[in-house]
Amino acid sequence: MAKISWPQGRNRWLYHRSPRSKPPTRWYQQNILKKPDVDPKCRLCGRFEETIDHLVSGCPELAKTDYIHRHNKAAAHMHWKVCKECGIKVKERWYEHEPKRTRLWGMPIHTDRTIAANRPDTELKNKRDKTCLLIDMTIPLDTNTSVKTTEKLTKYKDLEIEVERMWGLRTTTVPVVIGALGTVKKDMENHTNKIPGNINIHGPQKITLLSTAHLLRRVLSIK
Ligand SMILES: [Zn+2]
């Protein structure tokens, strides 16, 4: 019997549990269902095998659209809560919130030196405490959540140092890493607890999971 990697097996519910089941991935059709006529390559990019892993976070075509949309939705929820906590006027419902219209969202920080990673999702200065948080969310493949957390912390190190030097604010990077299928590492709270507004990771986590499920349903129904 062909080997089934755990994401493929574990996540079968994503299409088998629904009464309106969608056909499985092309990789699954060829390798598990043994359909010789099926090309296992991704129906969107045609470059990689079409597995669940590929579709939920590895497809270059979806990276241009769906992954950005998923990230922005989950990050908007968090941003909305932070804004409320900071006394910034926001819409009543988070999904009506437009982070780009507030000054806390994705604006590059202008530094004296050129720094490549200078655009975290949110930069939060607290002048009273003389602190600054660089909050950045990412939604990788679930098995990569640990690696991505470390990557984020490293990525913004130069910016942290520069912000401290320029503004005299004690600066901390806060990575918010949620697996495309909802995995959140236990120690993620150590980071998210630094964000004001009693940020509960379950909100963005649920949004991520629903976005991924929607994405899969949409892609797998494309003939
Ligand atoms: Zn693809």
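User: Where is His-97 found?

Analyst: His-97 is found in the loop between H6 and E1. Residues are numbered from 1 along each chain as its sequence is written. The model is predicted, so local features need pLDDT of at least 70 and side-chain atom pairs count only at pLDDT 80 or more, whereas totals for chains, interfaces and linings use all residues.

User: Is His-97 buried or exposed?

Analyst: A residue is buried if 20 or more other C-beta atoms lie within 10 Å of its own, exposed if 12 or fewer, and partly exposed in between, with C-beta atoms placed from the backbone. His-97 is buried because 20 other C-beta atoms lie within 10 Å.

User: Which residues is His-97 in contact with, leaving aside its neighbours within four places in sequence?

Analyst: Two residues are in contact if their C-beta atoms, placed from the backbone, lie within 7 Å. By that criterion, His-97 is in contact with Ala-76, His-79, Trp-80, Val-90 and Lys-91, leaving aside its neighbours within four places in sequence. For the pair His-97 and His-79, the sequence separation is 18 residues and the C-alpha to C-alpha distance is 8.6 Å.

User: How should the geometry of H6 be read, and what span should its 20 residues have?

Analyst: The expected span of a helix is 1.5 Å times one less than its number of residues. The 20 residues of H6 should therefore span 28 Å, and its end C-alpha atoms are 29 Å apart, which agrees. Just after H6, Gly-87 takes a positive phi of about 75 degrees.

User: Which residues other than glycine have a positive phi?

Analyst: Two can be discussed together. Lys-34 has a phi near 55 degrees and lies in the loop between helix H3 (26-31) and H4. Lys-34 is exposed because it has 9 other C-beta atoms within 10 Å. Lys-130 has a positive phi of about 55 degrees although it is not a glycine, and it is found in the loop between strand E1 (122-126) and E2. Lys-130 counts as partly exposed because it has 13 C-beta neighbours inside 10 Å.

User: In what order do the three strands form the sheet?

Analyst: Two strands pair if DSSP finds at least two bridges between them. The three strands form an open sheet in the order E1-E2-E3, with mixed pairing. E1 and E3 are the edge strands, each pairing on one side only. On average, neighbouring strands of this sheet are turned by 20 degrees against each other, direction ignored. E1 and E2 pair in the antiparallel sense over five bridges; Lys-125 stands opposite Cys-132 in E2. E2 and E3 pair in the parallel sense over eight bridges, and the bridge partner of Thr-131 in E3 is Arg-170.

User: Is E3 mostly covered or uncovered, and which helices lie across it?

Analyst: E3 is mostly covered: six of its eight residues are buried. For the angles, axes are lines fitted to C-alpha atoms, for helices over the stretch in contact, and values run from 0 to 180 degrees between N-to-C directions. Helix H7 (residues 145-155) lies across E2 and E3, at about 155 degrees to E3. H8 also lies across E2 and E3, at about 145 degrees to E3.

User: How many residues has the largest nonpolar core?

Analyst: In soluble globular proteins, nonpolar side chains tend to be buried together. A nonpolar core is a set of buried Ala, Val, Leu, Ile, Met, Phe, Trp, Tyr and Cys residues joined through C-beta atoms within 7 Å. The largest has 37 residues, and Leu-134 and Val-176 have the most contacts inside it. The elements giving two or more residues to this core include helix H6 (66-85), strand E2 (131-138) and strand E3 (170-177). H6 supplies the largest share, eight residues. Not counting residues up to four places away in sequence, Leu-134 touches, among others, Tyr-156, Leu-159, Thr-173 and Val-174.

User: Where is confidence lowest and where is it highest?

Analyst: pLDDT is the predictor's confidence in each residue, from 0 to 100. The mean for the protein chain is 83, and 82% of its residues reach 70 or more. Confidence is lowest in helix H1 (residues 6-10), at a mean of 42, and highest in helix H5 (residues 60-63), at 97. Over residues 1-19, pLDDT stays under 50. Where pLDDT is low, the predicted coordinates should not be read in detail.

Terms used:
Helix = DSSP H or I, 4+ residues; strand = E, 2+ residues; numbered from the N terminus.
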